Structure formats: C-alpha cells, structure tokens
Amino acid sequence: ASSALAQPPQKRNEFFVGVGDASLMFTMADLATTIGTLGIVSYDDAEGGIQVVGGYQRRLNGWASLGVTASWASSRRTVRVLGEDAGEAERRMTTVMADARAHWLRRPGVELYSGLALGLSNWTDQWEEADEDDTDSTLGFHLIPVGIRVGRDVGVFVETGIGWHNLLKAGLSARW
C-alpha cells in the first residue's frame, strides 16, 4: 500500500526564457527625463521595446524556490531639445537579479506563483548626434504578483509584473 501512495521525486531545477513589452518602462524613464529637465528634453514614441528574459530557479521545497533572472531590452526614439529634432537615441537595459518565488497553488500540470527579485540594472543611452554613451547602473527590482505555469517537464508561463521586467511576459520553461 505504501508504494501505491508514493509520489515521484519533485524536479528541482527549472530554466525559463520569455519575452515581454518593455515600452512602458522606457516611456516612464523618458517621462522622468522630460520632467527633470523641465520640458527642455522630450522624446517621440519608442520604436521596439521588446525585452528578452531568461533565468534559472532551484526548488527548495514544494512551496519555495530561489534563482537568478537576467534580461535585455532595447528601443529607439527621436530626442527633442526645446521641441527641435536632436537626432535618434537608442536605450539599452540589462538586468541581473536574485529571484525568490512562492508557489502557492500546485497541481500536477498547473502552478500559480508570486515572486520578488532584486539586483543590478544597467542603462545605456546612445545619442546619434552626440556620438557618445551615457551609462548608469542602479538597484533594480521586480515584483511578480501572479504567474501561471502550465505543463509538467516542459511548460509555458505568463506573468504579471511591476518593476524592471515589464508588466506582462510569457515564455517557455523546462524542469529536470
């Protein structure tokens, strides 16, 4: 009877890759620059803004996991100084963050989770006209209010978010 009730060993490792729309995050940074310069510098709408995210999670137990998440995003937009076209600018962002997750609904093929990530965020702005780069590093964070993963060994996921990894992302994951 005891072997009939035995559970298969839990897969402890998970690798994931996904994409999301980083345009809102870039728009907020552009808005902060416009406000900070009292309207002297402004930007047209961003072109692009796709963010690629990848990471690894190690299950500590059935309810918690720890890992690392990295991302890269880029977009282009026209810079305006006092309303005049000052050329194109490209913004790139790279992050590397430690990631903790709570898996609060666990079924064989469906899982709901929440998470928090903290780490390094690096921004680079390259202006076409100035022929120079402006680079800044800061503390980055990301909160996952709700994520859902569907599948067993190989699955798909969708996450909502607040922070440096955009509002919504989706992708693939594999467990072993």
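Tutor: Let's begin with burial: a residue is buried when its relative accessible area is under 20%, exposed when it is over 50%, and partly exposed in between (1.4 Å probe, protein chains only). The model here is predicted: local features need pLDDT of at least 70, side-chain atom pairs count only at pLDDT 80 or more, and totals for chains, interfaces and linings use all residues. Residues are numbered from 1 along each chain as its sequence is written, and side-chain values use heavy atoms, leaving out hydrogens and water.

Student: Let me try that on S65. Which is S65, buried or exposed?

Tutor: S65 has a relative accessible area of 1%, so it counts as buried. S65 belongs to strand β4.

Student: How are helices and strands picked out, and how many does the protein have?

Tutor: They are DSSP runs, numbered from the N terminus: helices are H or I runs of at least four residues, and strands are E runs of at least two. By that rule the protein has 2 helices and 10 strands. Along the sequence the pattern is α-β-α-β-β-β-β-β-β-β-β-β.

Student: What does S65 touch?

Tutor: Contact means heavy atoms within 4.5 Å. Residues up to four places away in sequence aside, S65 touches Q57, R58, R59, L60, D99, A100, R101 and H103. Contacts can also be read for the whole protein: of those between residues at least 6 apart in sequence, 58% join residues at least 24 apart.

Student: And which side chain makes a polar contact with that of S65?

Tutor: A polar contact is a pair of N or O atoms within 3.5 Å; within protein, one atom must be able to donate a hydrogen and the other to accept it, and residues adjacent in sequence count only if both atoms are side-chain atoms. The side chain of S65 makes one with that of Q57, at 2.6 Å.

Student: Let's move to T78. Where is it?

Tutor: T78 lies in strand β4, which runs over residues 64–81. With 11% relative accessible area, T78 is buried. Its side chain has a polar contact of 2.8 Å with that of E88. Not counting residues up to four places away in sequence, T78 touches S42, Y43, D44, D85, G87 and E88.

Student: How do I judge the length of a helix, for instance α2?

Tutor: Compare its end-to-end reach with an expected span, which is 1.5 Å times one less than the number of residues. Helix α2 (residues 23–36) has 14 residues and reaches 20 Å from first C-alpha to last, close to the expected 20 Å.

Student: Which residues of α2 are buried, and what covers them?

Tutor: They are M25, F26, D30 and T34. The cover includes β2 (41–43), β3 (47–59), β4, β5 (84–106), β6 (110–127) and β9 (162–163).

Student: What comes after α2?

Tutor: L38 follows it, in the loop between α2 and β2. Although it is not a glycine, L38 has a positive phi of about 55°. L38 is exposed, at 77% relative accessible area. T37 is in the loop between α2 and β2 too, and its 25% relative accessibility makes it partly exposed. A polar atom of the T37 side chain lies 3.3 Å from the backbone oxygen of T34.

Student: Which residues form the largest nonpolar core?

Tutor: In soluble globular proteins, nonpolar side chains tend to be buried together. A nonpolar core is a set of buried Ala, Val, Leu, Ile, Met, Phe, Trp, Tyr and Cys residues joined through side-chain atoms within 4.5 Å. The largest one here has 9 residues: A22, M25, F26, A73, M93, M97, A117, W123 and W164. A second, separate core has 5 residues, including F16, Y113, I144 and F157.

Student: Finally, how does the overall radius of gyration of the protein read?

Tutor: This radius is taken over C-alpha atoms, and the globule rule is 2.2 Å times the number of residues to the power 0.38. For 176 residues a compact globule would come near 16 Å, but the protein has 20 Å. Along its principal axes, the C-alpha trace spans about 80 × 25 × 25 Å. Buried residues account for 39% of the 176.
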